Amino acid sequence: MSLPTPEAHLSAVLEAVECRNQGEPEFLQAVREVLETLAPVLEEHPEYIEAGILERLVEPERQILFRVPWVDDRGKVQVNRGYRIQFNAALGPYKGGLRFHPSVNLSVVKFLGFEQVFKNALTSQRIGGGKGGSDFDPAGKSDAEVMRFSQAFMTELVHYIGEHTDVPAGDIGVGAREIGYLFGQYRRLTHRYESGVLTGKGKGWGGAEVRTEATGYGAVFFAEEMLARAADGVAGRRAIVSGSGNVATYVIEKVQQLGGRAITASDSSGYIVDEAGIDVDLLKQVKETERARISEYAERRPGAHFVAGGSVWDVRGELAFPCATQNELGVDAARELIKNGVRAVAEGANMPTTPEAIEVLQGAGVLFAPGKAANAGGVATSALEMSQNAARSRWDFDKSESRLHEIMRDVHELCYSASERYGKPGDYVLGANSAGFVTVAQAMLEQGVI
Ligand code: NDP
């Protein structure tokens with residue numbers, strides 16, 4: 001039986017995915033973006049076509065949907081929906097964050113899980129891909145409500161996770177506080193102190209140094225590597241950053257440490273501009289400690305101003321780090337960035353740049369680092385947390401940060417070499433997709449049809 005050409009195979013798989021997952025635009029976008037780059041890889045590896053690797057890879061191994069009932073502070077019963085998508089465990093236990101945000105639905109969790117499979121492969125840390133979350137909105141909820149919700153969520157999730165099975169972490173709306181409540185409930189339900197079941201834990205009880213900083217720092221390390229290839233660097237450059245959560249905060253911190261100037265941050269209400277460079281201590285005070293809105297920063301910082309609504313991508317800078325959410329940087333924003341002299345875009349968030357915007361940026365010669373590669377530092381450091389938990393050891397900050405730096409250099413190298421191998425040196429979208437894919441596909445091939 002003769003095999004179809006790579007192009008024919010890819011379009012047949014894509015057509016089947018589109019037919020089977022109707023009404024899931026984010027998931028289809030993520031799959032399309034990967035499949036569109038894989039023809040040269042399949043040319044080299046026809047055995048992947050024969051073994052039905054792609055048909056299996058686009059279907060999650062397991063999808064868990066559940067009811068999360070809890071009682072709010074007024075005594076009223078609330079019902080949310082919980083998700084855990086165990087996408088692919090060919091390389092190791094499922095690993096990926098939990099997102100608590102009203103926009104969470106099956107499509108969003110599946111796109112995140114799909115991306116996670118490739119990202120985790122790029123870290124070389126032997127972790128599979130998964131993702132989960134809920135449409136619960138932590139905004140405006142009391143601590144007690146967040147705790148009751150987290151406990152209810154874990155009461156169901158407990159059946160599906162474990163240090164050798166599936167290891168969740170944080171994402172949008174899930175930080176150290178939520179991980180603490182989730183871990184407490186897991187311990188209560190299982191009667192086990194299983195440190196490695198969740199990552200992003202408090203440092204006093206199994207959390208790794210630099211996990212909080214890892215995604216943001218890692219994105220800047222990746223950008224620095226990418227810029228270095230073009231005889232450029234972060235130092236002396238103006239950086240435009242969106243978001244003001246975990247990833248954005250530590251992108252801003254690392255940009256400043258490397259001698260750049262991060263001048264913006266945003267949330268869903270608007271953005272701030274601080275030409276002198278963001279005061280990271282004040283940002284942490286407003287967002288991490290007080291959980292206030294970003295406009296509060298501008299109120300307290302002379303020289304900074306807040307723009308309600310609008311687009312942070314209108315601000316002039318040479319580096320851009322989208323660190324808020326999916327599809328936040330579209331074609332108009334890409335054109336504006338180019339007009340304003342942007343040289344590199346590195347995604348701190350997952351899929352923040354639309355496919356059309358990526359095309360415009362790459363077409364204009366802008367260096368572009370996709371989230372799969374650029375934000376892999378968070379999950380890589382989670383894997384380091386798992387290793388430390390298993391060994392009952394604890395690394396200090398410097399060792400943890402230098403290991404993160406090394407991993408991000410390796411991720412960059414892996415992506416760059418793959419982009420060269422498959423004919424488009426410096427195309428990091430092609431590089432990240434193909435390098436991640438080959439690693440997972442090879443493991444799947446060797447493990448048989450499962
Ligand atoms: P946080 O919850 O800490 O912060 C999210 C930030 O993005 C907030 O400023 C939030 O503003 C803004 N935001 C979220 N949703 C929207 C929206 N729909 N419209 C406008 N602004 C929005 O999340 P993280 O920093 O952890 O995550 C940010 C991104 O990075 C996500 O794409 C996540 O998947 C990705 N990521 C995170 C990792 C991690 O280790 N935390 C690892 C790898 C990727 P507001 O408060 O107003 O909603």
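**Into which domains is the protein chain divided?** The chain splits into domain 1 (1-56 + 425-450), domain 2 (62-193) and domain 3 (214-369), with bounds taken from an automatic or database domain assignment. Everything here comes from a predicted model, in which local features need pLDDT of at least 70, side-chain atom pairs count only at pLDDT 80 or more, and totals for chains, interfaces and linings use all residues. Residues are numbered from 1 along each chain as its sequence is written, and side-chain values use heavy atoms, with hydrogens and water left out.

**View 1. Domain 1 meets domain 3.** The C-alpha centres of these two domains sit 32 Å apart. Seven residues from domain 1 and twelve residues from domain 3 make the contact (contact means heavy atoms within 4.5 Å). About 760 Å² is buried between domain 1 and domain 3, and carbon and sulfur atoms give 63% of that; buried area here is the accessible area (1.4 Å probe) that two parts lose on being put together, summed over both. On the domain 1 side, look for Q29, Y428 and V429: they lose the most area to domain 3, together 67% of what that side buries.

**View 2. E24 pairs up with K110.** The structure as a whole holds 32 salt bridges, a salt bridge being a side-chain nitrogen of Lys or Arg within 4 Å of a carboxyl oxygen of Asp or Glu. In this one, the side chains of E24 and K110 come together at 2.7 Å, N to O. E24 belongs to the loop between α1 (6-20) and α2 (25-35), while K110 is in helix α6 (residues 106-122), so the pair ties together parts that are 86 residues apart in sequence. Helices (H or I, at least four residues) and strands (E, at least two) are DSSP runs, numbered from the N terminus. Are E24 and K110 buried or exposed? Both E24 and K110 are buried, where buried means under 20% relative accessible area, exposed over 50%, and partly exposed in between (1.4 Å probe, protein chains only).

**View 3. A few other salt bridges.** R192 bonds to E194 with the closest N and O atoms 3.0 Å apart. R192 is partly exposed, at 45% relative accessible area, whereas E194 is buried at 6%. Then there is K339, whose side chain meets that of E336 at 3.3 Å, N to O. K339 and E336 are three residues apart in helix α13 (residues 331-339), so about one helical turn separates them. K339 is exposed, with a relative accessible area of 62%, and E336 is partly exposed at 22%. For a network of salt bridges, pick out E33, E115 and K372.

View 4. Five strands make an open sheet in the order β1-β2-β4-β3-β5, with mixed pairing; two strands pair if DSSP finds at least two bridges between them. At the edges stand β1 (62-71) and β5 (166-169), each with a single partner strand, so one side of each has no neighbour in the sheet. From one strand to the next, the twist averages 20°. Axes are lines fitted to C-alpha atoms, for helices over the stretch in contact, and angles run from 0 to 180 degrees between N-to-C directions. Strand β2 (residues 77-88) runs antiparallel to β4 (residues 128-134), and six bridges join them. One place to check is N88, whose bridge partner in β4 is G129. Helix α7 (residues 143-157) packs on this sheet and touches β1, β2, β3 (94-100), β4 and β5, its direction making about 140° with that of β1.

View 5. Three bridges join β12 (residues 344-346) to β13, and A346 stands opposite A369 in β13. Now find M226 in helix α9 (residues 211-229). M226 counts as buried at 1% relative accessibility. Its C-alpha atom is separated by 8.0 Å from that of A369, although M226 and A369 are 143 residues apart along the chain. Not counting residues up to four places away in sequence, M226 touches A344, V345, L367, F368, A369, H412 and Y428.
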